[in-house]
Amino acid sequence: MKNSPPELISCRHSKPALKKFFNSPQCRELKDQICDMGRRMWQRAYVEGNGGNLAVRVGRDLAICTPTMISKGFMKPEDLCLVDLDGNQLLGQRKRTSEILMHLQMMKHQPKAVASCHCHPPHATAFALIGEAPPTRMLPEFEVFCAIGVAPYCTPGSPEMGKLVAELTGHCNTILMASHGVVTWSGKNLEEAYWRMEILESYCRTLIAARQLGKPIKRFSHGQMKELMKLKQGFGL
Ligand SMILES: [Zn+2]
């Protein structure tokens, strides 16, 4: 399913109109999807405590996002928040996550981004701790679905952090945040942003395991990479 934003609704609409929209079946479906992805992140140990956050762009200048101080594994649709693209909370009983500013800066910088996913999967975060992207040209899925970059460390939730990440969204859909974690985005829907997280984490885990075998890891040749890039284009990625 594509999270296509309804063009008409915007933060300039009246509170009752926003409320009606936020309680519509369309938003309910997105809220269910956010809770589902949160559960999947928690079950795979990609988040700990109240860490991680998710956002989906809706309308012209709005986003539904996760609240602060809640385990992402146990959210209910009524826990979610509606914010404008500057991070002002418009609706929702719980307070929005402070890290939403980063998601919104990504969405403003990259108009194609409709959904974003941030968490701390341990093997990918291990690479974030050394401030280096994992080497590429080793596994097909990673080459096809993830375009990786590394953002330097900044205090989580600060506008500077959001700016550094947003600047990478032009050519990266999977971004390691040094000494912190990972954020992914999708131009299609939240599930695709989450898949990128799974693919990256699995790749990093496999790579770390392969390094322990003590033999050189084989890398794709130029010709093999060309074939994979053709596949990628075929998927419209
Ligand atoms: Zn974080």
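1. Cys 204 is in no disulfide either, the nearest cysteine sulfur being that of Cys 146 at 9.0 Å.

2. The model is predicted: local features need pLDDT of at least 70 and side-chain atom pairs count only at pLDDT 80 or more, while totals for chains, interfaces and linings use all residues. Residues are numbered from 1 along each chain as its sequence is written, and side-chain values use heavy atoms, with hydrogens and water left out.

3. Are Cys 27 and Cys 204 buried or exposed? Cys 27 has 0% relative accessibility and so counts as buried; Cys 204, also at 0%, counts as buried too. The classes are buried under 20% relative accessible area, exposed over 50% and partly exposed in between (1.4 Å probe, protein chains only).

4. Cys 204 also belongs to a helix contact. In α7, Leu 200, Glu 201, Cys 204, Arg 205, Leu 207, Ile 208 and Arg 211 meet Pro 122, His 123, Ala 124 and Phe 127 of α4, where contact means heavy atoms within 4.5 Å. By class this contact has seven nonpolar, one polar and three charged residues (Ala, Val, Leu, Ile, Met, Phe, Trp, Tyr, Cys and Pro are nonpolar; Asp, Glu, Lys and Arg charged; the others, Gly among them, polar).

5. The axes of α4 (residues 122-130) and α7 come within 7 Å and cross at roughly 75°. That makes α4 roughly perpendicular to α7 (65 to 115 degrees; under 35 is roughly parallel, over 145 roughly antiparallel, the rest oblique). Axes are lines fitted to C-alpha atoms, for helices over the stretch in contact, with angles from 0 to 180 degrees between N-to-C directions. Helices (H or I, at least four residues) and strands (E, at least two) are DSSP runs numbered from the N terminus.

6. For α3 (residues 100-109) and α6 (residues 159-166), the axes come within 8 Å and cross at roughly 40°; the two are therefore oblique to each other. Met 102, Gln 105, Met 106 and His 109 of α3 meet Pro 159, Gly 162, Lys 163, Val 165 and Ala 166 of α6. Five of the contact residues are nonpolar, three polar and one charged.

7. Lys 218 sits in the loop between α7 (190-211) and α8 (222-234) and, at 74% relative accessibility, counts as exposed. Leaving aside residues up to four places away in sequence, Lys 218 touches Arg 137 and Met 138.

How values were computed
A disulfide is a pair of cysteine sulfur atoms within 2.5 Å.
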